[in-house]
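Trainee: I have a new model open and would like to go through it. Can we start with single residues and work up from there?
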Amino acid sequence: MSDKDTLVIASRESALAMWQAEHIQARLQALYPHKTIRIEGMTTRGDQILDKTLSKIGGKGLFIKELEQALQEGRADLAVHSIKDVPMDLPAGFALAAITERANPLDAFVSNTYASLADMPPGAVVGTASLRREAQIRARFPQLVIRPLRGNVQTRLRKLDEGEFDAIILAAAGLERLGLPERIRMLLPPTHSLPAAGQGALGIEIAAHRYDMLALLNPLNHPITAACVEAERALARALDGSCQVPLAAYATAADGVLTLRGLVGSPDGSLTLQAEAEAPLAYADALGRAVAKKLADDGAKELIAALLAAS
Ligand SMILES: NCc1[nH]cc(CCC(=O)O)c1CC(=O)O
């Protein structure tokens, strides 16, 4: 049980999750110097099942359930997540209290041999377990071979270094947080690999009844990032964005206006649907639903239904 003078942060135990939890711990400590702030590391079901691709293990919820249990039982006050890994609909009784300022949102090309995807010869092997990345690479570079790659960031880099793959795709934010920016050979522009909803931002989850936490965590919320992520997640939610579907959503903000781009593809790269729209920051949720509607009207609903039926 935590008391008023102590805050407990629930986190997964991977190096990236721990970096993220420590980052939030440091920011909270600076805001509240008199509190004791502690991290409680825990292993999740998702961390244990390493032999299946993400789309086959039932999705994002598996990575946060144990953390939510700790919130519910009062063993922790807040949980820090890569918001990308958080399901679009939280289970009843939980809430997002803050979305932090986004770091690098882009995907990164990582290889010990090649400088870019365009550099790779036919038959060269790219590792990724993300259907979103796979679909976009296949659409542009059908001559490359995509093989599944799972595990935490260090494990994936080790598999690359051991020669299992000629290149892998990782989120730039993860590599930068782990102090490995030199592993990035090329940042993939959004036109080549549109990021996942929320990529590069952290979400702080609480038990919904903890109003005290809302006020305390509010200074960590970055309103512009929060609006971008809200639009991206509204798009993904409207299209039933589970890990079974190659789905990307990326919003940027300038002068109070959000621009949201969405993409749905077939995993084999044969079909890619894209849509884009703009709206004022205050209409993030409606913007997400509007871009989802455009994609749905262009055939995304049928594509997704077919993928879910086949999986
Ligand atoms: N799916 C795993 C995951 N969740 C968050 C990140 C990176 C950090 C982020 O996107 O915020 C990663 C690694 C990756 O996709 O390469």
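Trainee: How many C-beta neighbours does Arg 38 have inside 10 Å, and what does Arg 38 count as?
Mentor: Arg 38 has 13 C-beta neighbours inside 10 Å, so it counts as partly exposed. Keep in mind that this is a predicted model.

Trainee: Where does Arg 38 lie, and what is it in contact with?
Mentor: Arg 38 is in strand β2, residues 36–42. Leaving aside neighbours within four places in sequence, its contacts are Thr 6, Val 8 and Ile 9. Gln 25 is 13 residues from Arg 38 in sequence, and their C-alpha atoms are 7.4 Å apart in space.

Trainee: Back up a bit. What is the average pLDDT of the protein chain?
Mentor: The average is 92, and 94% of the residues score at least 70. For the complex, the predictor gives an ipTM of 0.95 and a pTM of 0.93.

Trainee: And what about places where pLDDT is low?
Mentor: There, the predicted coordinates should not be read in detail.

Trainee: Which domains is the chain divided into?
Mentor: Domain 1 covers 6–101 + 201–221, domain 2 covers 107–188, and domain 3 covers 236–310. The centres of domain 1 and domain 3, taken over C-alpha atoms, are separated by 26 Å.

Trainee: Where does the ligand lie relative to domain 1 and domain 2, and why?
Mentor: The ligand lies between them, because both domain 1 and domain 2 give residues to the shell around it.

Trainee: Which residues surround it?
Mentor: The ligand is surrounded by Ser 82, Lys 84, Asp 85, Val 153, Leu 170, Ala 171, Ala 173, Gly 174, Gln 199 and Gly 200. The elements that give two or more residues to this shell are β8 (167–171) and α6 (172–177).

Trainee: How does the shell split by class?
Mentor: Four of its residues are nonpolar, four are polar and two are charged.

Trainee: Let's stay with α6. Is Leu 175 in that helix buried or exposed?
Mentor: Leu 175, which lies in α6, is buried, because 20 other C-beta atoms lie within 10 Å.

Trainee: What does Leu 175 touch?
Mentor: Not counting residues up to four places away in sequence, Leu 175 touches Ala 108, Val 153, Leu 170, Leu 180, Pro 181, Arg 183 and Ile 184. Val 153 and Leu 170 are also among the residues that surround the ligand. Leu 16 is 159 residues from Leu 175 in sequence, yet their C-alpha atoms are 8.7 Å apart in space.

Trainee: Next one. Is Ile 146 buried or exposed?
Mentor: Ile 146 counts as buried, because it has 23 C-beta neighbours inside 10 Å. It lies in strand β7, residues 145–147. Not counting residues up to four places away in sequence, Ile 146 touches Val 126, Thr 128, Glu 134, Ile 137 and Arg 138.

Trainee: How far is Ile 146 from Leu 78?
Mentor: Their C-alpha atoms are separated by 37 Å, and the two are 68 residues apart along the chain.

Trainee: Now α9. How many residues has it, and what distance does it reach?
Mentor: Helix α9 (residues 284–297) has 14 residues and reaches 20 Å from its first C-alpha to its last, close to the 20 Å expected at 1.5 Å a residue.

Trainee: Which of its residues are buried, and what do they pack against?
Mentor: Ala 284, Leu 287, Gly 288, Ala 290, Val 291, Ala 292 and Leu 295 are buried. They pack against α8 (223–238), β12 (257–265), β13 (272–280) and α10 (300–310).

Trainee: Which residues does Leu 295 contact?
Mentor: Leaving aside neighbours within four places in sequence, Leu 295 is in contact with Leu 239, Gly 262, Val 264, Leu 273, Ala 275 and Ala 300. Leu 295 is buried, since 24 other C-beta atoms lie within 10 Å. Gly 262 is 33 residues away in sequence, and its C-alpha is 7.7 Å from that of Leu 295.

Trainee: What is phi for Asp 255?
Mentor: Phi of Asp 255 is near 50°, a positive value in a residue other than glycine. Most residues other than glycine have a negative phi. Asp 255 is in the loop between β11 (247–254) and β12, and it counts as exposed because it has 6 C-beta neighbours inside 10 Å.

Terms used: Residues are numbered from 1 along each chain as its sequence is written. This is a predicted model: local features need pLDDT of at least 70, side-chain atom pairs count only at pLDDT 80 or more; totals for chains, interfaces and linings use all residues. A residue is near a molecule or strand if its C-beta atom, placed from the backbone, lies within 6 Å of it. Helices (H or I, at least four residues) and strands (E, at least two) are DSSP runs, numbered from the N terminus. Ala, Val, Leu, Ile, Met, Phe, Trp, Tyr, Cys and Pro count as nonpolar, Asp, Glu, Lys and Arg as charged, and the others, Gly among them, as polar. Domain bounds come from an automatic or database domain assignment. pLDDT is the predictor's confidence in each residue, from 0 to 100. A residue is buried if 20 or more other C-beta atoms lie within 10 Å of its own, exposed if 12 or fewer, and partly exposed in between; C-beta atoms are placed from the backbone. Two residues are in contact if their C-beta atoms, placed from the backbone, lie within 7 Å. The expected span of a helix is 1.5 Å times one less than its number of residues.
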